[in-house]
Structures are given as C-alpha cells and as structure tokens.
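Hi there,

Here is the model I promised to pass on. Have a look at it first, and then read on for my notes.

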Amino acid sequence: MSLPKKYKNTFLPSEVEFQAEDQPILIIPRYALKDRQLIGTSIPVLKPMKRAEVPLWLGFILKQQDRCNIVTPSWLSINFLKKAYQEEVTYTTRFFRMPWNWLEISKMILDKASDDMTEPPHQIRALIQDLREVRLIKARRGLKELNESYMQLDNLSLMEINELRPMVVGVMDQLRKLQVGTNEDEEVSDEEGPLSYDI
Amino acid sequence: MGYYDLDEILADGQKIPCRFTISVPGLGYLENNPGKPVIQNTKLDLPLWLAEILAICEIQSEQNDPKEDPDQPTYFIELIQPDFYSSKIINAIKTNALKIDLHQLLPYFYKLSVKWGSMFNDTELMAIVQEMFKQRACAINDYSSDNNHLQLLNSEFGLQLDETERMLFRQCIESHRDLKTWLSS
C-alpha cells in the first residue's frame, strides 16, 4: 500500500480510540430496546432504568440521542485516580495497573458524557492529565534501559505504548543493526518482511 | 534499508582511507595524476562501496605461485582505520556522547558503523557506538515531546545529529504531536 511510512509502522491515536470503542460500558437506558445480534457482538435487551452492559460506541450513540445515561466506570473517580497517582509517585520502578484503554475511555467519557458524572469533570480531567504526565516521565526514564533484543513495560496502556512505539522500535532496530554478527540475518528479513520497521 | 534508500547510497559513497598493496597501472587519476600508475603503498580515500570490494577481492594471477612469493599481497588494498574511529573520537564519545558533533564528523555515522561492524566484527567499537546511540536517542526523545523540539532545532545538539538520528527525531515529534492533537481535539 502506498501509505506514508508512519501510518504503516504505528497506529494513529484516532485508530487506537476506535479500538477502544469496543470496550463494554454500563448504561442506564431510558427507553426500551429489543435485543439484537450483530456481527461479532450482541446487544442485550434494554429496559428503562435497568443497568445493561453495551459497547462504548453504542452507549455514546444512545447518549447522544438522550436515550440513556452512562455509568462512569469505578476507576474514573477522584479517589481511584488520586490513589493511582500516589502509587505512581511512590513506586518509581513500576507502573500502576490502569485499564488497558484508560486514556481513550476517559477522554471519550469526559467529552461526550461529562454531564453523567457524579464528580466534577474538570477535577477528573486534571487528575488524568497528572497521571499521564507522571507515567510519561517514568516511561522516558525506563527508555534508558533499552537494548537491541528485549523490552518490558508492564502495565503501560495501549495509547502510551503507541506514543512511544516509533521511538522504541527505531532505537531497538538500530541497536540490532549495530550488533556485530547480526547483519546477515537482517538482509534476509528485510527482503521478506514488508512490515519491517525501517528507520 | 533497501536498494532504493537514498541515505544508504549516500552512506556507501562515504570515502574511507585505504592503502594500495600493489601498484596498479593507469589508476593515477584517482590521485589527480592521470595517466600514471598508482604506486604500491599509496594512501587514498576511496568510497566505501569500492573499497569494500577491493579489500575483500583476492588477486589471482596465473604466473604467480603463492609458494614462490609469500610476500605477494592477496588483496588490492588495505583499509586503514578512518579518522572517525580514531582513539581521539572514541574517547570523546566515551566521555560525553551528547557532545559529539556527529553531523560534522560524518552525517551517516551509524549506517557506516553498521557496515564497518559487519566487515571487521569489532565488538568493542560497536558496543561503544550502541551505547552512544542509546544515550543520544533518549536525549532526542526528551526533546521531541512538550514543544521542546523547536528548542532542539535551534540548539547546538540539534545541529549535531546524524541522519539516522534526524529520522528518529522526526518520528518522535510526529508521534508526540499526534497524541497531543488527539488529546486536545
């Protein structure tokens, strides 16, 4: 495909967001809706005022049409985020376990359903921002340990990995090339793999 | 890396010093001496793509028996350690990798290092180069976030980047910028 190289090697944030829209979320419907079977997923029967779990994208459509309220996930609360921030600051060598899509989901909920939140959205937004920054700094520190063959960043979420990917992959690839004695293998893999990460 | 990679071609054109082990008639134009031979032990800068072949290509001559003449060189040229791997530079790298002006030293330092490493299997040198790249890459990544990249472009370090590092820098900026745009959209 004649896509620019950067689209081949990594995801755009909007694409990561799109993936996150498949995550389930609790909603409180205001109207009844029959259950239906979709390709790959199914939507349960929605009864007014009865909590149901649907994919995020459906939740937002219904929310837009004023047919439901979105229940904020438990981790998107001031208490939880403050605790997470504390943990991040306390333990400098590891990341606090956040949901795999926490950045994307929190942004979508804050953007599209902030009136359903029980706590002030601006505080949550600030906490998310703080958390992101402290994790970014930590990840950056971790990058000093890069080597040509192995890298482990436990509990880092998809969006954060995606942000670091071009850098990490580029550096690791270059280090691999600089490793003595690996160049023969590399020639072969470059010809075979159209997905090889060139820098 | 690939056949059509311009950087690759430019890196291959980088001249490295070498010494002729035999006299070659008619090659004098290489040292601005057209029509004359290149004499044995002449030192010349040849592009890497040529030097590499000449350094590994064995000379075969029909009248010569190796037993008769053990001093007969088997290769056209010998590669001499180039300036950019001199101990002065290596020591400077070890002292502070961030202060090396790679762009002035050699714009394709890493690409050439890869080739050099595979030709000579110089583990020690490659370890130093790897360490240097790692340190510089971290600095590049730090600069590329938080709007710092304009600072880097204007700073001394920004002008001292090797071409590979520039590419990396561009990718880092794009990635950080994409995420930022998305976050504020």
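Let me start with chain B, whose elements run α-β-β-α-β-α-α-α-α-α-α-α from the N terminus on. That comes to 9 helices and 3 strands. Please keep in mind that this is a predicted model. Of the 185 residues in chain B, 42% are buried. Among the contacts in chain B with a separation of 6 or more, 61% are between residues 24 or more positions apart. The accessible surface of the chain is about 10500 Å², and carbon and sulfur atoms hold 52% of that.

Next, the nonpolar cores. The largest one has 58 residues. As background, nonpolar side chains in soluble globular proteins tend to be buried together.

Leaving out residues up to four places away in sequence, B:Tyr110 touches A:Gln174 and A:Leu178 from chain A. Its partners in chain B are B:Leu102, B:Val129, B:Met132, B:Phe133, B:Arg136, B:Asp162, B:Thr164 and B:Glu165.

Now to helix α9 of chain B (residues 163-184), which holds B:Cys172. Is this cysteine, B:Cys172, buried or exposed? Its relative accessible area is 2%, which is under the 20% cut-off, so B:Cys172 counts as buried. Beyond its neighbours within four places in sequence, B:Cys172 is in contact with A:Met167, B:Asn141 and B:Ser144. The C-alpha atom of B:Cys172 is separated by 28 Å from that of B:Gly13, and the two residues are 159 apart along the chain.

On the α2(A) side the contact involves A:Pro13, A:Ser14 and A:Glu17, which meet B:Asp178, B:Leu179 and B:Trp182 of α9(B). By class, the residues of this contact are 3 nonpolar, 1 polar and 2 charged.

Within chain A, take a look at helix α3 (residues 56-64) and helix α5 (residues 102-112): their axes come within 11 Å and cross at roughly 5 degrees. That angle is why α3(A) counts as roughly parallel to α5(A). From α3(A), the contact uses A:Leu56, A:Phe60 and A:Lys63, while α5(A) brings A:Ile105, A:Met108, A:Ile109 and A:Lys112. This contact has 5 nonpolar and 2 charged residues, with no polar ones.

What is buried in α3(A)? The residues are A:Leu56, A:Leu58, A:Gly59, A:Phe60, A:Leu62 and A:Lys63. Their cover includes α2, β1, β3, β4, β5 and α5 of chain A. After α3(A) comes A:Asp66, which has a positive phi, near 60 degrees.

Conventions: Residues are numbered from 1 along each chain as its sequence is written. Chains are lettered from A and ligands numbered from 1 in the order in which they are written. This is a predicted model: local features need pLDDT of at least 70, side-chain atom pairs count only at pLDDT 80 or more; totals for chains, interfaces and linings use all residues. Side-chain values use heavy atoms; hydrogens and water are left out. Helices (H or I, at least four residues) and strands (E, at least two) are DSSP runs, numbered from the N terminus. Buried means under 20% relative accessible area, exposed over 50%, partly exposed in between (1.4 Å probe, protein chains only). Contact means heavy atoms within 4.5 Å. Accessible areas come from the Shrake-Rupley method with a 1.4 Å probe; for residues, only the protein chains shown count as cover. Axes are lines fitted to C-alpha atoms, for helices over the stretch in contact, and angles run from 0 to 180 degrees between N-to-C directions. Angles under 35 degrees count as roughly parallel, over 145 as roughly antiparallel, 65 to 115 as roughly perpendicular and the rest as oblique. Ala, Val, Leu, Ile, Met, Phe, Trp, Tyr, Cys and Pro count as nonpolar, Asp, Glu, Lys and Arg as charged, and the others, Gly among them, as polar. A nonpolar core is a set of buried Ala, Val, Leu, Ile, Met, Phe, Trp, Tyr and Cys residues joined through side-chain atoms within 4.5 Å.
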